[in-house]
Amino acid sequence: MSLKWNVLYNTFVQFVGRFATSFLGFITTIILARSLGAAGYGTYAKVYTLAAFFYLVIDFGLNAIYIRRFKEDLKHISMMNAIRTVFFIFSLAVIFVFFVVTQQHIFTSREKWYTLLFVPTILLFGYYTSLNAIFQLKLRYDLSVLAAVLGGLVGVALMIITLSWGLSFSILSIVAGYAITVFLSYLFARKLTPFVFFSQPFSLYDMISFLKDAAPIGFMLFFNTMYVRADVFVLSAFKTNAEVGIYQLGYKFFEFPLAFATFFANATFPHFVKKFDENKKSFWKNFYQSTFFLLGMSVLFSIVGYFGAPLLSFIRNDYSASVLPLQVMAWSYPIFFLTSALNWLLFIEKRERSLVWIYAFSFVANVLANWYFIPRYSYMASAWITVIGEMGVLVLILGVLIRKQITNHKSQIPSKLQ
């Protein structure tokens with residue numbers, strides 16, 4: 001299989017896998033939404049959103065740094081897992097402090113209990129992400145997808161069985177599904193290549209050096225997620241759980257197509273890193289082709305998202321209000337897809353530090369905007385701020401790239417002519 005078709009195949013496999021797991025998530029959403037109503041689903045949405053923040057903490061861009069730094073050497077997988085275990089402990093501490101500081105203003109005592117039941121998924125997500133580095137290097141995302149689908153099926157089946165027992169058991173069912181996904185991923189990865197999941201010796205210096213390289217992209221990913229998901233907590237502070245559930249349901253369907261750009265980057269990234277070092281002309285040709293392909297797909301997703309949004313009302317009448325925010329956000333897919341491509345370009349050029357400042361600024365601006373507009377316009381403010389915020393990110397990234405082009409052009413002018 002040629003590289004081009006291998007990349008497209010792995011992108012397609014990831015997207016089909018995302019569709020399959022999202023379909024399972026859709027079933028979970030339908031069951032919980034119909035059973036709990038908008039307010040009850042809003043409670044679950046708050047718990048999930050808090051955990052999702054720390055998925056990015058435990059991810060921290062380690063896979064991308066690993067591939068750029070160690071290529072196909074798998075001796076350091078155990079070091080990556082050790083780092084993620086430490087990050088999980090840190091996440092637990094932050095969640096505890098957050099609960100103490102906010103008291104009962106955002107999360108009730110029962111919601112805090114649900115969160116504690118859900119937090120093991122943070123560590124399990126970290127280990128699954130580490131194993132994905134192996135699937136990415138071997139271009140065998142089909143095995144990663146298979147593990148995720150099988151684990152998801154078990155989680156949904158257990159949730160259906162235990163739903164009448166209360167939300168606590170439903171959450172534990174989801175955690176069990178994550179655990180099975182990690183276990184199967186480990187078995188599949190071991191069949192591909194030998195590696196040590198834990199206990200491989202490494203020095204503290206190696207760990208610190210690795211984290212130093214990962215810090216820019218890790219903070220960028222963290223701020224990136226924070227700036228687009230902080231709205232849920234602002235909504236929780238000012239509005240009812242029902243409004244949180246209405247907005248979160250629309251956003252859940254909005255974020256599904258966003259994964260296509262991520263999966264495409266996962267499939268092309270190892271190739272782009274190699275091309276950038278070996279053949280710049282070939283790299284730029286492939287990069288432009290990939291970017292135009294992503295933009296074409298984003299337009300398709302915008303059309304489908306806008307005209308398919310009214311279907312949300314069939315879940316339950318409570319969610320007919322989710323249609324409009326989803327339609328607003330659907331038109332921003334081209335912006336998000338282009339931003340994704342340019343993010344990876346800056347990373348390949350080792351200028352990811354610029355992204356940290358861009359997303360840190362965007363995070364602060366997003367929180368302030370939501371804090372001001374949500375009390376007045378509720379979740380519709382969040383939808384518009386999501387779109388406008390990503391436009392701002394795109395403008396800032398383009399500014400960084402244009403500035404580099406101007407600098408490079410000046411450097412090529414003889415000093416006598418400057």
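**Figure 1. Two salt bridges are counted in this predicted model.** A salt bridge is taken as a side-chain nitrogen of Lys or Arg within 4 Å of a carboxyl oxygen of Asp or Glu. The model is a prediction, in which local features need pLDDT of at least 70, side-chain atom pairs count only at pLDDT 80 or more, and totals for chains, interfaces and linings use all residues. Residues are numbered from 1 along each chain as its sequence is written, and side-chain values use heavy atoms, with hydrogens and water left out.

**Figure 2. Close-up of the salt bridge between Lys-46 and Glu-111.** The N to O distance between the two side chains is 3.0 Å. Lys-46 belongs to helix α1 (residues 3–59) and Glu-111 to helix α4 (residues 109–118), so that the pair links distant parts of the chain, 65 residues apart. Helices are DSSP runs of H or I with at least four residues, strands are runs of E with at least two, and both are numbered from the N terminus. Lys-46 has a relative accessibility of 3% and counts as buried; Glu-111, at 4%, is buried as well. Buried means under 20% relative accessible area, exposed over 50%, and partly exposed in between (1.4 Å probe, protein chains only).

**Figure 3. Close-up of the salt bridge between Asp-59 and Arg-84.** Here the side chains meet at 3.8 Å, N to O. The pair links distant parts of the chain, with Asp-59 in helix α1 and Arg-84 in helix α3 (residues 77–102), 25 residues apart. Both Asp-59 and Arg-84 are buried.

**Figure 4. Close-up of a nonpolar surface patch of about 490 Å².** Leu-158, Ile-161, Trp-165, Phe-169 and Leu-172 make the patch. Patches are made of residues with over 30% relative accessible area and no salt bridge; like charges are joined within 9 Å, and nonpolar side chains (Val, Leu, Ile, Met, Phe, Trp, Tyr) within 5 Å. Helices α6 (141–162) and α7 (167–192) each supply at least two of the patch residues. Ile-161 lies in helix α6 and is exposed, with a relative accessible area of 54%.

Figure 5. Of its 418 residues, 55% count as buried. The accessible surface comes to about 19400 Å² (Shrake-Rupley method, 1.4 Å probe; for residues, only the protein chains shown count as cover), and carbon and sulfur atoms account for 70% of this surface. Of the contacts (heavy atoms within 4.5 Å) between residues at least 6 apart in sequence, 84% join residues at least 24 apart.
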